[in-house]
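Me: I have a model open and want to learn how to read its features. Can we take them one at a time?

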Protein chains: 2
Amino acid sequence: MDKYDCLKLDNQLCFPLYVCSKEIVRKYKPFLDELDITYTQYITLMALWDKGALSVKELGKQLYLDSGTLTPLLKTLEAKGYVTRTRAKDDERNLIVSLTDEGLALREKALAIPAKMGACLKIDPADAADLYRILHTLMAAI
Amino acid sequence: MDKYDCLKLDNQLCFPLYVCSKEIVRKYKPFLDELDITYTQYITLMALWDKGALSVKELGKQLYLDSGTLTPLLKTLEAKGYVTRTRAKDDERNLIVSLTDEGLALREKALAIPAKMGACLKIDPADAADLYRILHTLMAAI
DNA sequence: ATTAATTTGATTGTGTACAATTCGATTGTA
DNA sequence: TACAATCGAATTGTACACAATCAAATTAAT
């Protein structure tokens, strides 16, 4: 009840958000290890699986990541043989990231992951729906 | 409506969690820059402001961080003059992190931050309450 | 056409994060 | 009292994450 209450960890909204994000990403790790990819590589592949091919700029916009993060990450995915990186013919400033056959095949192995995560998270479905709505509202506001 | 729907970014709960966490931490940056600290250093100081002094182990438990993250971070805070690191007399395995006068004084400057963040986040109070409850439920389940 | 402004990725530097290992200190047990 | 097991930090290695800067390509304006 003193003037410092607003600086207590317990009264922060950002802190549990930060912790939950980290801890859930960590929960993914054993499942992603089986595919030899990291969480950030996983969401990158999700975007590509959905859209087929995207420029680095488009990827950055969808994933909320900048080129300083994406460039080395995409080179890693290229080295693993999951994507190719080629300049667009019409505008060589655009670098197009496309899935290889191997990258596409990885999608089949990834199919099992959401169910496995759901099993070890045990969140109430109504809470999950609320959380989804609130987070998307927040994302739109930022 | 195909079998790959569960791998779409839009159907993930973890992804918006991950994005919101990152983006909100970024929102803090200009305010924390004024105090010459990072977000992780900020929550570390929050724990210390509240408790006075803590061992590295206790800090790690409260912040959900391990020694690989905390050790360099605490050395940075020590170099800035905000904390001291001294071994406990009774058990020299324990490293006690304490606030210096400067570290304590920083609390006054930090007092303005929560209000500034609240102003630029514009989240519905009812949503904030729901979010707080759901995230804490999640944290407890992990 | 020449130049200026913009766009796009790549690079560099700082700071997390965490797994795995190491090392010194302590505790439990024979 | 040895000495094995445990504990708490520190260290090492890999991988983000982003600000700031740079460089090449394109577009716009004169």
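Me: How many salt bridges does the rule find across the interface of chain A and chain B?
Reply: Remember that this is a predicted model. Look for a side-chain nitrogen of Lys or Arg within 4 Å of a carboxyl oxygen of Asp or Glu. Six salt bridges between chain A and chain B pass that rule. In one salt bridge, the side chain of Arg133(A) meets that of Asp127(B), at 3.2 Å from N to O.

Me: How many residues does the contact take from chain A and from chain B?
Reply: Chain A gives 55 residues to the contact, and chain B gives 55 residues.

Me: And what area do chain A and chain B bury between them?
Reply: The size of an interface is often given as the accessible area lost when the parts come together. Here chain A and chain B bury about 5800 Å² between them. Carbon and sulfur atoms hold 73% of that area.

Me: Through which surface do the copies meet?
Reply: Compare the interface residues of the two chains. Of those in chain A, 100% are also interface residues in chain B, so the copies meet through the same surface.

Me: What rotation superposes chain A on chain B?
Reply: Read the angle together with the shift. Chain A goes onto chain B by a rotation of 180 degrees, with 0.0 Å of shift along the axis and an RMSD of 0.0 Å. The two copies are therefore related as by a two-fold rotation axis.

Me: Where does the charged end of Arg107(B) sit?
Reply: It sits over the ring of Tyr4(A), 3.7 Å from the ring centre. Now take Arg107(A). This residue lies over the face of Tyr4(B), and its distance from the ring centre is 3.7 Å.

Me: Now the aromatic pairs. How many are there over all chains?
Reply: A pair of aromatic rings is described by the distance of the centres and the angle of the planes. The count over all chains is nine aromatic pairs. Take Tyr39(A) and Tyr42(A). Their ring centres are 6.4 Å apart and their planes stand at 55 degrees, so this pair is tilted.

Me: Where do Tyr39(A) and Tyr42(A) lie in chain A?
Reply: Both belong to helix α2 (residues 39-51) of chain A. They are three residues apart there, so about one helical turn separates them. Tyr39(A) and Tyr42(A) are both buried.

Me: Why is the pair of Tyr28(B) and Tyr42(B) called tilted?
Reply: Check the angle of the planes. It is 50 degrees, with the ring centres 5.7 Å apart, so the pair counts as tilted. This pair links distant parts of the chain, 14 residues apart. Tyr28(B) is in helix α1 (residues 14-33) of chain B, and Tyr42(B) is in helix α2 (residues 39-51) of chain B.

Me: Are Tyr28(B) and Tyr42(B) buried or exposed?
Reply: The cut-off for buried is under 20% relative accessible area. Tyr28(B) has 4%, so it is buried. Tyr42(B) has 1%, so it is buried too.

Me: Last, the backbone. What is phi of Asp36(A)?
Reply: It is near 60 degrees, a positive value in a residue other than glycine. Asp36(A) is placed in the loop between α1 (14-33) and α2 of chain A. Its relative accessibility is 48%, so Asp36(A) counts as partly exposed.

Me: And where does Asp36(B) lie?
Reply: In the loop between α1 and α2 of chain B. Phi of Asp36(B) is also positive, near 60 degrees. With a relative accessible area of 47%, Asp36(B) is partly exposed.

Notes:
Residues are numbered from 1 along each chain as its sequence is written. Chains are lettered from A and ligands numbered from 1 in the order in which they are written. This is a predicted model: local features need pLDDT of at least 70, side-chain atom pairs count only at pLDDT 80 or more; totals for chains, interfaces and linings use all residues. Side-chain values use heavy atoms; hydrogens and water are left out. Rings of Phe, Tyr and Trp (its six-membered ring) pair if their centres lie within 6.5 Å; planes under 30 degrees apart count as stacked, over 60 as edge-to-face and the rest as tilted. Helices (H or I, at least four residues) and strands (E, at least two) are DSSP runs, numbered from the N terminus. Buried means under 20% relative accessible area, exposed over 50%, partly exposed in between (1.4 Å probe, protein chains only). A charge sits over a ring if NZ of Lys or CZ of Arg is within 6 Å of the ring centre and within 35 degrees of the ring normal. Copies are superposed by least squares on the C-alpha atoms of residues with pLDDT of at least 70 in both. Contact means heavy atoms within 4.5 Å. Buried area is the accessible area (1.4 Å probe) that two parts lose on being put together, summed over both.
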